[in-house]
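Student: Can we go through this model together? I'd like to start with the fold and then look at charged pairs.

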Amino acid sequence: MTQRKTGNPAARHTGAAPDAVGRKKAAHVYESILVAVDGSNAAERALIEAIALARGLGSALRLLHVADARVPDESLVYAPPAQLAEDFRVDTEAVLPRALERALAGGVKAEGIVRRDTNRRVAEQILDEASRARSGLIVMGTHGRTGLARVALGSDAESVLREAPVPVLLVRTAAATGPG
């Protein structure tokens, strides 16, 4: 019996078992993709990319919303802390269901989880969830802030990129058009 070789080098070198006609099946590269969602435009763009990847690769999405409940310094906001907390609660409850609906409508298997830990950085919680879920890829949006804005606001995306044990796909918001 002769084995048919496939023209796909990835299928030849994965070590996967041959199928019924002797071709090797490609190993499932990203069985589970973790997508950080927060309702921002950057996260929405990242979700769109993750859905396309998952659909093309047959991967499942694990959508993670880290509820960052840290209230900014009161001198920087114009709403009473109680109102900020209520607005935060309402917004948090809406982010994950919208993202799940979009993923399922995109034809991919998806599940969602919310993490709330005010004592830990958002990046730490994303990394922990990637490890817990054995995700092969992390997808998240980035605002692309530079200079003082990045120093003042920090960069969860940069921290995840530096510390992640798996590949990370960062998706930037669309470039601003026009003045402003």
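This is a predicted model: local features need pLDDT of at least 70, side-chain atom pairs count only at pLDDT 80 or more; totals for chains, interfaces and linings use all residues.

Student: What order do the strands of the open sheet have?

Tutor: The five strands run S3-S2-S1-S4-S5, with parallel pairing. Strands are DSSP runs of E, at least two residues, and helices runs of H or I, at least four, numbered from the N terminus; two strands pair if DSSP finds at least two bridges between them.

Student: Which strands stand at the edges?

Tutor: S3 (110-115) and S5 (168-172) each have a single partner strand, so one side of each lacks a neighbour in the sheet.

Student: Switching to charges: how many salt bridges are there?

Tutor: Ten, counting a side-chain nitrogen of Lys or Arg within 4 Å of a carboxyl oxygen of Asp or Glu.

Student: What does Arg115 pair with?

Tutor: Arg115 forms a salt bridge with Glu129, the closest N and O atoms being 2.7 Å apart. Arg115 is in strand S3 and Glu129 in helix H4 (residues 122-132), 14 residues apart.

Student: Is Glu129 buried or exposed?

Tutor: Buried, at 0% relative accessibility. Buried means under 20% relative accessible area, exposed over 50%, partly exposed in between (1.4 Å probe, protein chains only). Arg115 is partly exposed at 23%.

Student: Which residues are in the network of salt bridges?

Tutor: Arg62, Glu111, Arg115, Glu129 and Arg132.

Methods
Residues are numbered from 1 along each chain as its sequence is written. Side-chain values use heavy atoms; hydrogens and water are left out.
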